[in-house]
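Biologist: I have a structure on my screen and would like to learn how to read it. Could you take me through it one feature at a time?

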Amino acid sequence: MADADSQGPLPVELMTSRQLARRARLIETVIELVAESGATAIQMRDVTDRSGVALGTVYRYFRSKDHLLAAALTEWQGKVTRRILSVKRDESAAALPLVQDFLRRVLQAFDRAPGMAALLMQMAVSTDPDVRKLLDQSGTSYTAAFDHLLAAEEGDDVYYIGLAIGCVLVDAINRMSNGQITLKQALTQVQGVAKILVSARGRGSGSSPLKPSSRKV
């Protein structure tokens, strides 16, 4: 597969509005193709034909097909977290129902889009640095969502709660996409773990001396 030039793809922050529009069109095209036939069946020619963006231009924005696929996955996942973060949190609201509702939305989204669930598992084992960078960004957005829902304060242990729930969530998505469990079973398991962890946080001191400086789910 052809790569971008030696300088790599153009950074998003340096793109013009027209370039950003083309990049967004490529990502939306991939999301559509994944929904129709799955990620493994996608060829770059399929993307260029449907999007109307020339192949050479694609490689100005993405180093490889996996880089493009990861960008599409990150954008698709980000829609859920952006909706959560766009709503001002009611400080008097209990945290657990908010967290469980967020998890329900995530699982339902992956249940409706099994191609994206399969793509998540494919990207999760990638060693491609471009893919890893995008997945880290996605993890950061999930961490921000948990911070928001749990009304995180400096020094508390929200990172570890999010990390544990995130691991269970990814496992549930994987087994759900493989037909090993149903959406209802996945919800029961993930929301059950969230109930234990969030309730325990309410009883604890909230202090965590091991809290890392950079947090990802």
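Modeller: Gladly! Let's begin with the word "pocket": on a grid over the protein atoms, a pocket is an open set of points with protein on both sides within 12 Å along at least five of seven lines. Keep in mind that this is a predicted model.

Biologist: What volume does the largest pocket have here?

Modeller: The general idea is that rolling a probe the size of a water molecule over the atoms shows where empty space is left. In this model, the largest pocket comes to about 560 Å³. Its lining counts 27 residues, and those closest to the centre are Val 12, Arg 23, His 67, Leu 134 and Gln 137.

Biologist: Which elements give two or more residues to that lining?

Modeller: Three helices do: H1 (17-37), H4 (65-86) and H7 (129-149). H4 gives the largest share, with seven residues. Sorted by class, the lining holds 10 nonpolar, nine polar and eight charged residues.

Biologist: Which residues of helix H6 are buried?

Modeller: In H6 (residues 114-124) they are Gly 115, Met 116, Ala 117, Leu 119, Leu 120, Met 121 and Met 123. These buried residues pack against H1, H4, H5 (95-112), H7 and H8.

Biologist: And Ser 138, is that residue buried or exposed?

Modeller: Ser 138 is buried, because its relative accessible area is 7% and the cut-off for buried is under 20%. You will find Ser 138 in helix H7. Setting aside neighbours within four places in sequence, Ser 138 is in contact with Thr 74 and Gln 77.

Biologist: Now for charges. How many salt bridges does a search of the whole structure find?

Modeller: The search finds eight salt bridges here. One of them joins Arg 50 and Glu 32, with the closest N and O atoms 3.4 Å apart. Arg 50 lies in helix H2 (residues 44-51) and Glu 32 in helix H1, so this pair ties together parts that are 18 residues apart in sequence.

Biologist: How accessible are Arg 50 and Glu 32?

Modeller: Both count as partly exposed: Arg 50 has a relative accessible area of 40%, and Glu 32 has 38%.

Biologist: Which parts of the chain does the salt bridge of Arg 63 and Asp 130 link?

Modeller: The N-to-O distance in that salt bridge is 2.6 Å. The pair links distant parts of the chain: Arg 63 sits in the loop between helix H3 (55-61) and H4, while Asp 130 is in helix H7, 67 residues apart. Arg 63 is partly exposed at 32% relative accessibility, whereas Asp 130 is buried at 14%.

Biologist: Where do Arg 175 and Asp 171 lie?

Modeller: Here is the background: an α-helix has 3.6 residues a turn, so residues three or four places apart point the same way. Arg 175 and Asp 171 both lie in helix H8 (residues 158-177), four residues apart, about one turn of the helix. Their side chains meet in a salt bridge of 2.9 Å, N to O. Arg 175 is partly exposed at 22%, and Asp 171 is partly exposed at 36%.

Biologist: Last topic: how many aromatic pairs does the structure hold?

Modeller: A pair of aromatic rings is described by the distance of the centres and the angle of the planes. This structure holds four such pairs. In one of them, Tyr 159 and Tyr 160 are edge-to-face, 4.9 Å centre to centre with 80° between the planes. Tyr 159 is buried, with a relative accessible area of 14%, while Tyr 160 is partly exposed at 29%.

Biologist: Which residues do ring pairs link into a cluster?

Modeller: Look for Phe 102, Tyr 142 and Phe 146, which ring pairs join into a cluster.

Key. Residues are numbered from 1 along each chain as its sequence is written. This is a predicted model: local features need pLDDT of at least 70, side-chain atom pairs count only at pLDDT 80 or more; totals for chains, interfaces and linings use all residues. Side-chain values use heavy atoms; hydrogens and water are left out. On a 1 Å grid over the protein atoms alone, a cavity is a set of points where a 1.4 Å probe fits but cannot get out, and a pocket is an open set with protein on both sides within 12 Å along at least five of seven lines; lining residues have an atom within 4 Å of a point. Grid points are joined across faces, edges and corners, and a volume is the space filled by probe spheres set on the points. Ala, Val, Leu, Ile, Met, Phe, Trp, Tyr, Cys and Pro count as nonpolar, Asp, Glu, Lys and Arg as charged, and the others, Gly among them, as polar. Rings of Phe, Tyr and Trp (its six-membered ring) pair if their centres lie within 6.5 Å; planes under 30 degrees apart count as stacked, over 60 as edge-to-face and the rest as tilted. Buried means under 20% relative accessible area, exposed over 50%, partly exposed in between (1.4 Å probe, protein chains only). A salt bridge is a side-chain nitrogen of Lys or Arg within 4 Å of a carboxyl oxygen of Asp or Glu. Contact means heavy atoms within 4.5 Å.
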